[in-house]
Amino acid sequence: MLMYLYLSGYSLKEDVYGACPSAIRTNRMLTKTPSIVAQVFFLLSIVLVIALAVIQINQQKNLSPGPKYGIVLDAGSSRTTVYVYEWPAEKENDTGVVSQIFKCSVKGPGISSYENNPGALAKPFDDCLNKVKERIPIHLHKNTSAYLGATAGMRLLRLQNETAANGVLASIQNYFRAQPFEFRGAQIITGPEEGLYGWITANYLMGNFLERNLWRTWVHPYRKETMGALDLGGASTQISFIPEDFQDNPNSTLQVKLYGYDYNVYTHSFQCYGRDEAEKRLLALLLQKSRASSSVDNPCYPQNYETAFTMKYFCDSLCTQSLRPANYYPNQLVKFHGTGDPGLCQEMVSLLFNFTACRDRGECPFNGIHQPKVKGNFVAFSGFYYTINALNLSGHSSLADFNSSMWFFCSQSWVQLQFMLPKFEETYARSYCFSAHFIYYLLVYGYKFDAETWPQIHFQKEVGNSSIAWSLGYMLSLTNMIPAESKLIQLPLKPSLFAGLLLFFTTMALLCLIFLVYLCIVSCNQKNISHVEQVFTPE
């Protein structure tokens, strides 16, 4: 029986497995090549999937959504200036990195001069606004905000005649309804706001808020001090700086947040101490002290210069009401004859300041106004700069140099001045001597600058291509309220193409993996058959 089984088994083996060794070898050869090919395609698919993902992530580009634009009209007491600003739409720490790209002076006087005919405002604006339309891409006109800020001239008009002031503002509103821009309103800004915005402008342009590092990104400057700002307009003057300790008088400080940092700024605006209004007060004072009412000597005018004004011109202002003569005739002409006397001019200018109101109180310069001790460097712009430039002085000089230049300038005759000034305009040329004495008294006896601190004042008109004016600071503050736009991402592959390639190579990798698993199973089965063969092989 055992022999039968053995013989039968042997016979079965011969019948079934007789050709197995060669068949197995052939099968192995057949499965080895597809296995290698499948492995290569599997690895290649994995590499391509990873490469596509890395390229799509690392090679993407952040595209700016483009610039945004803003328009600010600086409606001063003597003129209106239109500024166009540009900044990246994504912004930096909630505040735009703003640059001035265009400036245009509106022909004619300040808007407060149109109190009796506000409808006439439109025509002077047209020339500048048409140029603005050319500078801003037409498809962005409707998304460009425009603001008008009126300063001391309109502040005075509102105090004198609120109805007339509202009429002027309403006329401006009507004018901008016909413009393509998004007009955000015409408003009269306060004196402290004007001072604060001027301080923001000066420090922004000086790089005290932001600077580029080695990687060309914007960062906050390390341990950089801010500068004070001195602004001399036509109807008011402003001083703004960060005091040693703002908590001594918190009511005199304003807080502003820029680029993620808080600043507590002392600022004060002195109404009626602008250059134009101060000169009107001088003319009214000279008339008051003169024995004659029709011809008055003016020690601040150049020798041999003569001009005439109506009483209304210099006595109708709110700033000169207290100096108005008893026999006031608005249309009466008063002739002023220049004597070019610097000593007497300085004496008369000193009478424009009320130094007795402080009564020896500390930190009180004049008019009874609290002011902390001046600290650090200052930038003086607007009327300050133009006067220094007329005296042929550089951006910063010593107090002694300023004094000697002022006295020399004020001793010249009208004819000599015409050859001294680089740009001669009668309206300004006749008043530079007064302006110089006024600035001297304001800075030295008013703000308490002395021979040691005077060189810390830098007289400047602009930085780069941007004017130092309150309007830029106003725009910077407004960008805090303008929402930032997200950056646009440009991918190396279109999303649809990337998804298609990713799906294709992922599917190929899975199919190769399934095929390799199948080959692995077949290979295992072949090994089992080989093992059975060895068991039944006779010795």
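This is a predicted model: local features need pLDDT of at least 70, side-chain atom pairs count only at pLDDT 80 or more; totals for chains, interfaces and linings use all residues.
Local features need pLDDT of at least 70 and side-chain atom pairs count only at pLDDT 80 or more, while totals for chains, interfaces and linings use all residues. Residues are numbered from 1 along each chain as its sequence is written, and side-chain values use heavy atoms, with hydrogens and water left out.

Q: How many salt bridges does a search of the whole structure find?
A: A salt bridge is a side-chain nitrogen of Lys or Arg within 4 Å of a carboxyl oxygen of Asp or Glu. Side chains of opposite charge can pair when their charged atoms come close. Searched as a whole, the structure has 9 salt bridges.

Q: Why are Asp 127 and Lys 131 about one helical turn apart?
A: Their side chains form a salt bridge at 3.6 Å, N to O. An α-helix has 3.6 residues a turn, so residues three or four places apart point the same way. Asp 127 and Lys 131 are about one turn apart because both belong to helix H3 (residues 122–135) and their separation is 4 residues.

Q: Is Glu 279 buried or exposed?
A: Glu 279 forms a salt bridge with Arg 275 (3.3 Å, N to O). Buried means under 20% relative accessible area, exposed over 50%, and partly exposed in between (1.4 Å probe, protein chains only). The relative accessible area of Glu 279 is 9%, so this residue is buried.

Q: Which residues are linked with Arg 275 in a network of salt bridges?
A: Arg 275 is itself buried, at 13% relative accessibility. Arg 275 and Glu 279 are 4 residues apart in helix H7. The network links Arg 275 with Asp 276 and Glu 279.

Q: Which helices do the buried residues of H9 pack against?
A: Helices (H or I, at least four residues) and strands (E, at least two) are DSSP runs, numbered from the N terminus. Helix H9 covers residues 342–350, and its buried residues include Cys 345, Met 348 and Val 349. Contact means heavy atoms within 4.5 Å. The buried residues of H9 pack against H7 (275–289), H11 (399–410) and H14 (432–446).

Q: Which side chain does Asn 264 meet in a polar contact?
A: Asn 264 lies in strand S12 (residues 261–271) and is buried at 18% relative accessibility. A polar contact is a pair of N or O atoms within 3.5 Å; within protein, one must be able to donate a hydrogen and the other to accept it, and residues adjacent in sequence count only if both atoms are side-chain atoms. At 3.4 Å, the partner of Asn 264 is the side chain of Gln 255.
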